[in-house]
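My notes follow the structure.

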Amino acid sequence: MKNLTYLFYLLPILFYAQDDLLDGLEPDQRTTVTSTWKSLKVVNFETTKLVAKNEFQLIISHRFGSVENGFDDLFGLDQAVTRFQFVYGLTDWMHIEASRSSLNKTYQLAGKFKLKEQETTGFPFSISAFTAVDVNTGLDKEILPKLEFENRLGYTAQIIMARKISKKLSAQISPTLFHENFVSYDPQDNTQYVLGIGARYKLTNRWSINADYGYHLNRADGSPFINPLSIGFDLETGGHVFQLHFTNSQPMLTNGFLSQGTGDWTDGRFFFGFNLVRVF
């Protein structure tokens, strides 16, 4: 298991080192494409965007309960899940994150790495990598008497490839590997694979509509969980982005929304949420 964890964290560094070697063979005069994404996430999935060097961001995220019960719980507002996320840019190509989600009382340490930038005449994509380690402290040892600390751990490794297709349209694909030492549905493999897609369309100078979807490649037969489908709106306000979204998966951490989504758009079981970003 330790070897698997080391591999997750070494993967983006190896890619970045290879990219440095390739850069030496390319022309000195290159123009990079900017503003492919305005936020760190499409809706649920990570984007290729990183926090700038020496910049610190505090992100407060809320994901409410299902809207299906209407006024009984004020369209899910009585069942809020909250996530506090701290992001710091270490270099121009790497930022680190620490967060805590109230769902399952889960802590996460993560990093995102810029591997390649899209060029106006040259390389056609921007590429980043995302890695994370989660600790699920909500698991109850009284219910699971054989529970060990390692059972609380989960790991994520993701490559994100994006392209700004036009001034208004951006799209990306996100092959994702994640591993959970404890799965809530016994037939499910601990190591799971997902192919994520996402897009952003700029409506006005301040507003954009975003959507993403994750196709689970090895979900166990009979699993009660579903693939995450999300849609949202980004509002740019003075250099900051305010995100409003609807999704069929209440968890906000990557392993959670990929493996534990329970909503159903057709039955009205979907969740409203928003993100607030404060830059320091």
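In which strand is the place of Thr247? I found Thr247 in strand S11, residues 240–247; strands are DSSP runs of E with at least two residues, helices runs of H or I with at least four, both numbered from the N terminus.

Before going on, I noted that this is a predicted model, where local features need pLDDT of at least 70, side-chain atom pairs count only at pLDDT 80 or more, and totals for chains, interfaces and linings use all residues. Residues are numbered from 1 along each chain as its sequence is written, and side-chain values use heavy atoms, with hydrogens and water left out.

Next I looked up contacts, meaning heavy atoms within 4.5 Å. Beyond its neighbours within four places in sequence, Thr247 touches several residues, among them Asn44, Arg63 and Trp265.

Then I turned to salt bridges (a side-chain nitrogen of Lys or Arg within 4 Å of a carboxyl oxygen of Asp or Glu). I noted seven by this rule. Lys112 pairs with Glu46, with the closest N and O atoms 2.9 Å apart. The two lie 66 residues apart, Lys112 in strand S4 and Glu46 in the loop between helix H1 and strand S1. Lys112 is buried at 0%, and Glu46 is buried at 3%.

I also noted the salt bridge of Arg269 with Asp267, at 3.5 Å. Arg269 is partly exposed, at 27%.

Technical notes
Buried < 20%, exposed > 50% of the residue type's maximum accessible area, 1.4 Å probe, protein only.
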